[in-house]
Amino acid sequence: MNSYDVLMLVAKAADDKRAEEILALNMKGLSSFADYFVICHGNSDKQVEAIAREIKEQAQLHEIEVKRLEGLDAAQWVLIDLGEVIVHVFHRDERSYYNLEKLWGDAPLENVSEAFTS
């Protein structure tokens, strides 16, 4: 599975748990450690946890190594390292505070909308 396929799998898993404002940044040429960043949020601790768990489960089902998963206990900012795809699942308030979209503003957006229809 290439990094784009992993990206689409992550986007679908997040959407399945009703993650909001799912955004994918194409980090190719900007980062040496990932091809894509996925940023999304949930509106409660439980939803953040559910989104992160679904992404982890789908990755494992497709034999994608979860290199690191941090922040699940607090469910405010969960980081899931899938190698070439790094996923940031925020609680709504934390997302606006950290504003990773602005920090990585020079990264082009990757369209993941087709993942939502499959």
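Visitor: How many aromatic pairs does the count come to?

Guide: Six aromatic pairs turn up, and bear in mind that this is a predicted model. Phe 37 and Trp 104 make one of them.

Visitor: Why is the pair of Phe 37 and Trp 104 called edge-to-face?

Guide: Two values are needed here, since a pair of aromatic rings is described by the distance of the centres and the angle of the planes. The rings of Phe 37 and Trp 104 sit 5.5 Å apart, centre to centre, with 85° between the planes. Centres within 6.5 Å make a pair, and planes over 60 degrees apart make it edge-to-face, so Phe 37 and Trp 104 qualify on both counts.

Visitor: What makes this a link between distant parts of the chain?

Guide: Phe 37 is in strand S2, while Trp 104 is in the loop between helix H4 (100-103) and S6, and 67 residues separate them.

Visitor: Why does Phe 37 count as buried?

Guide: Phe 37 has 4% relative accessibility, and the cut-off for buried is under 20%, so Phe 37 is buried. Trp 104 comes in at 22%, which is between the 20% and 50% limits, so Trp 104 is called partly exposed.

Visitor: What makes the pair of Trp 77 and Tyr 98 tilted?

Guide: The ring centres of Trp 77 and Tyr 98 are 4.6 Å apart, with the planes at 50°. Stacked would need under 30 degrees and edge-to-face over 60, so 50° leaves tilted for Trp 77 and Tyr 98. The pair joins strand S4, where Trp 77 lies, to helix H3 (residues 92-98), where Tyr 98 lies, so it ties together parts 21 residues apart in sequence.

Visitor: Which residues do ring pairs link into a cluster?

Guide: The cluster holds Trp 77, Phe 90, Tyr 97 and Tyr 98.

Visitor: How do you know that S2 is mostly covered?

Guide: Seven of the seven residues in S2 are buried. Side chains in a regular strand alternate between the two faces of the sheet. In S2, Tyr 36, Val 38, Cys 40 and Gly 42 point one way, Phe 37, Ile 39 and His 41 the other way, and all are buried.

Visitor: What joins S2 to S1, and what joins S2 to S5?

Guide: Five bridges join S1 (residues 20-26) to S2 (residues 36-42), and these two run antiparallel. Leu 25 has Phe 37 as its bridge partner, and Glu 20 stands opposite His 41. S5 is joined to S2 by seven bridges and runs parallel to it, with Val 85 opposite Tyr 36. The open sheet of six strands has mixed pairing, in the order S3-S4-S5-S2-S1-S6.

Visitor: Why are S3 and S6 called edge strands?

Guide: Strand S3 (68-70) and strand S6 (109-110) each pair on one side only.

Visitor: What lies across the sheet strands?

Guide: Helix H1 (residues 3-16) lies across S1, S2, S5 (85-91) and S6, at about 0° to S2. Helix H2 (residues 45-61) lies across S2, S3, S4 (77-81) and S5, at about 165° to S5.

Visitor: What is phi for Glu 21 and for Glu 63?

Guide: Phi is near 45° for Glu 21 and near 55° for Glu 63. Most residues other than glycine have a negative phi. Glu 21 has its place in strand S1, and Glu 63 lies in the loop between H2 and S3.

Visitor: How do you know that Glu 21 counts as exposed?

Guide: Exposed means over 50%, and Glu 21 is at 57% relative accessibility, so Glu 21 passes. Glu 63, with a relative accessible area of 75%, is exposed too.

Notes. Residues numbered from 1 in each chain as written. Predicted model: local features only at pLDDT ≥ 70, side-chain atom pairs only at ≥ 80, totals over all residues. Heavy atoms only, no water. Pairing = 2+ DSSP bridges. Helix = DSSP H or I, 4+ residues; strand = E, 2+ residues; numbered from the N terminus. Contact = heavy atoms within 4.5 Å. Axes fitted to C-alpha atoms, helices over the stretch in contact; angles between N-to-C directions. Buried < 20%, exposed > 50% of the residue type's maximum accessible area, 1.4 Å probe, protein only.
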